[in-house]
Amino acid sequence: MWHDLIAKAKEGGLNMIETYVFWNAHEPVYGQFNYEGNCDLVKFIKLVQSAGLYVTVRFGPFVQGEWNHGGLPYWLREVPDITFRTDNEPFKTHMERFVKMAVKKLKDEKLFASQGGPIVLAQIENEYNNIARAFPGSVDYIRWAADMAVNLQVGVPWVMCKQNDAPGSVINSCNGRNCGDTFMGPNSPTKPSLWTENWTAQYRVFGDPPSQRAAEDLAYSVARFFSKNGSLVNYYMYHGGTNFGRTGASFVMTRYYDEGPLDEYGLQKEPKWGHLRDLHAALKLCSKGLLGGTYSLQKFSPDLEARLYEIPENKVCVAFLTNTNTKFDGTLKFRGVDYFLPRHSISILPDCKTVVYNNQRINSQHNARTFDLSKDANNNKKWEMYQEPIPTAKGIKSQGPLELYNMTKDTTDYLWYTTSFLLDDKDMPFRHDIHPVIQVSCLGHVIHTFVNGEYMGSAHGTKIEKSFVFKKQISLRPGGNRIAILGLTVGMPDSGPYLEHRVSGLHTVTIQGLNAGTLDLSQSMWKHQVGLTGEKLGIFQEDKMNAVKWVEATSDIPIIWYKKYFDGPSGNDPVSLDMSSMGKGLVWINGQCIGRYWVNYLSPLGTPSQSMYHIPRAFLKPQNNLMVVLEEQGGKPEDIKITVVKRDNICTLVSQNYPPPVDSWSSSGENSNKPEAHLKCREKMVIRSVVFASFGNPSGICGNFTVGNCHSPNVKNMVEQACLGKPSCVLPVSAAAYSVDASCPGSTGTLAVHAKCARGGQRHGHAAAKVQ
């Protein structure tokens, strides 16, 4: 997907791509390095370079990023006497070794700007101010990290984000939503003002409700930062992407920053993508003033101001007119002209006269995403299953249950705990209203409990509170009884001090309600099995799946493996799995793990945090794709659906008081003052139908518009004449253009249109769509 994503980023007006360097991906085992495939850092940077873009490399090597263990490899925890991210010699030795190795790899390819390459910034450490107070040696450590980085002589500046006291020449930078107002600024007058993470939405964990950030607010923050002498803004994330495999940190969803300008599937999320594209274009119109002009501030009221960049001798004047009030609109008289400023808005004037952009006035089109059922991919209904065995005889023995992270070493999510105990008749409850109850306290993240081979249920913690208690009435028998508990993690922690000391897994196990009182099994003899049998045998791979016996599938069985074959969906649209019928587990496609799913962990809204899961086209073959599902709690595999993802419902919502398109501005002064509405289908598609069109006071969002009291049916006919059968169309935004009454009470002079794009003729191979 790299080529397409980079191209769309450039089309969106970006001139730089930022990337982490993930230590645990590049050195998962000490001394064994991986820079191939998805870990080919050099190839990625060269692709960015070939597109004519610059690069920032965030070496870390601690990166956080909602990435497993913050990017630190598990083996680092087992280095004697180590403490992460402080003045600790073992940690500094390994950190320096990795950073030097990664830098050398890029130097050898001549990728730094000082060598003619695209890398213009490098980062060491990440957001250290958040934890510095936890470590007595924090000041010495951060100075050491800065000196170590600078001494590598890469020939480009080094940056530390959220490090107010970044030493020497290392630049301190801001992360957040509104750094134009929250950033204290550079800690030296010789350093530029940088914003390394402008959060385009909010990353989410399982159990979270949907979150978003309005395009208007995101655009305001960028314009605000540049208006106040900002030098760089980096979006986090511009493309959200997917946490494939087990790469997500504790409880972090498989979908990551889907609300970015490019969504999880790499599709342009409108209007965010287009509104920022227009902002970038407006800022570039101001480049002469921003880069070489004299800065000044004019305050008109507590909320209204103008920030100017002027080069009088060259007749260059750039103005940012700002209304900081978040509740009330305002009007500002600037150089004899009244400028209306909606609440929380900035107008950009590249000539100090003409408004080419206002963050609250969105000219770019909108779109709605659909998940269309693929008929050809869902033809095969035959599922088979393999029952994961509950371990009985073998395992690592200990007095009491062992800690989970130390046992699994980040090679698997799963660890079996098993123990047995004897009861005689006198131990059993005499009264019919008393029943034995198992109580398990766990330090996180999830457990599945079996008693005498019967599934008792599941319990889990949360991102905020990982520990929890499981209680359940159980049936016991005189003689031998056996308990098996499958403990698991949903990623490792990625933030905070003392990561090397974090623990997980069983804490105490007791049986209540026996005649002899509570039976504490916490110090009994326990056996441990790391990972699942199906994992060890690799039955999710084509050449290894026959290592076990598969039988015809049935539903609602815990700790079960399912498999089936399917054909790849026709066309080139992104592909997604609808896992709504399942519980929790992992999915592999042709041996590639597309990540953890957890659809029965509902948000406070009563819906799954995520039910659709991305299958990259690169993982698929035209036919006979192998899907393997590991289901932990029980689900209905027959109801898993394969869909294709589209953003072919396009809309426009533009009012007559909006500025004209940014690209219509000319420094000659011959500028249009008329807004326009633009509709454009993606490549090789045309506007096939107009679902809605109204001028006056329509309301709603793309895919859910409603007419107001000033609606005229003529508008739809006129839009159809202008747009049907064309890949794009431009529509006027005025009452006269549509022969409607401009004086209609309540009219906002707004044009709203919803159209559908399609290839020539009817679409084939897809059924009903799920809209998200």
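Guide: Gladly! Let us begin with a rule: two cysteines count as a disulfide when their sulfur atoms lie within 2.5 Å. Please keep in mind that this is a predicted model.

Visitor: What makes Cys723 and Cys729 a disulfide?

Guide: Their sulfur atoms are 2.0 Å apart, and the limit is 2.5 Å, so the pair qualifies. The S-S bond has 85° about it, and the link of Cys723 and Cys729 is right-handed.

Visitor: Are those two cysteines buried or exposed, and how do you know?

Guide: Buried means under 20% relative accessible area. Cys723 has 0%, so it counts as buried. Cys729 has 6%, so it is buried too.

Visitor: How many disulfides does the rule give?

Guide: The count comes to six. If you number the bonded cysteines of the chain in sequence order, they pair as 1-2, 3-4, 5-7, 6-12, 8-11 and 9-10.

Visitor: Why is the disulfide of Cys174 and Cys179 called left-handed?

Guide: The torsion about its S-S bond is about -80°, so the disulfide is left-handed. The sulfur atoms of Cys174 and Cys179 lie 2.0 Å apart. Cys174 has a relative accessible area of 7% and Cys179 one of 2%; with the cut-off at 20%, both are therefore buried.

Visitor: What joins Cys317 to Cys352, and where do these residues lie?

Guide: A disulfide joins them, with 1.9 Å from S to S. This pair links distant parts of the chain, 35 residues apart. Cys317 is in strand β10 (residues 316–323), while Cys352 is in the loop between β13 (345–349) and β14 (357–358). The link is left-handed, with -75° about the S-S bond. Cys317, at 10% relative accessible area, is buried, and Cys352 counts as buried at 3%.

Visitor: Let's turn to the aromatic rings. Why is the pair of Phe450 and Tyr455 called tilted?

Guide: A search of the whole structure finds 35 aromatic pairs. In this one, the ring centres of Phe450 and Tyr455 are 5.2 Å apart, so they fall within the 6.5 Å limit for a pair. Their planes are at 55°, which is neither under 30 degrees (stacked) nor over 60 (edge-to-face), so the pair is tilted.

Visitor: How do you know which of these two residues is buried and which is partly exposed?

Guide: Phe450 has 6% relative accessibility, so it is under the 20% cut-off and counts as buried. Tyr455 has 24%, which lies between 20% and 50%, so it is partly exposed.

Visitor: Which residues form an aromatic cluster?

Guide: Tyr20, Phe22, Trp67, Tyr236, Tyr256 and Tyr257 form one.

Visitor: What makes you say that Arg85 lies over the face of Phe62?

Guide: Arg85 is at 3.6 Å from the ring centre of Phe62, and the distance limit is 6 Å, with the charge also required to be within 35 degrees of the ring normal. Lys563 likewise lies over the face of Trp550, at 5.3 Å from the ring centre.

Visitor: Where is Arg213, and what does its side chain do?

Guide: Arg213 lies in the loop between β6 (193–199) and α7 (215–227). Its side chain makes a polar contact with the side chain of Asp217 at 2.8 Å, and the cut-off is 3.5 Å. Arg213 is buried, with a relative accessible area of 4%. Beyond its neighbours within four places in sequence, its contacts include Arg177, Trp199, Leu218 and Lys272.

Visitor: Finally, which elements do the buried residues of α5 pack against?

Guide: They pack against α4 (89–108), β3 (119–124) and β4 (158–161). Among the buried residues of α5 are Tyr141, Ile142, Trp144 and Met148.

Terms used:
Residues numbered from 1 in each chain as written. Predicted model: local features only at pLDDT ≥ 70, side-chain atom pairs only at ≥ 80, totals over all residues. Heavy atoms only, no water. Phe/Tyr/Trp six-rings, centres within 6.5 Å; stacked < 30°, edge-to-face > 60°. Buried < 20%, exposed > 50% of the residue type's maximum accessible area, 1.4 Å probe, protein only. Helix = DSSP H or I, 4+ residues; strand = E, 2+ residues; numbered from the N terminus. Polar contact = N/O pair within 3.5 Å; in protein donor to acceptor, adjacent residues only side chain to side chain. Contact = heavy atoms within 4.5 Å.
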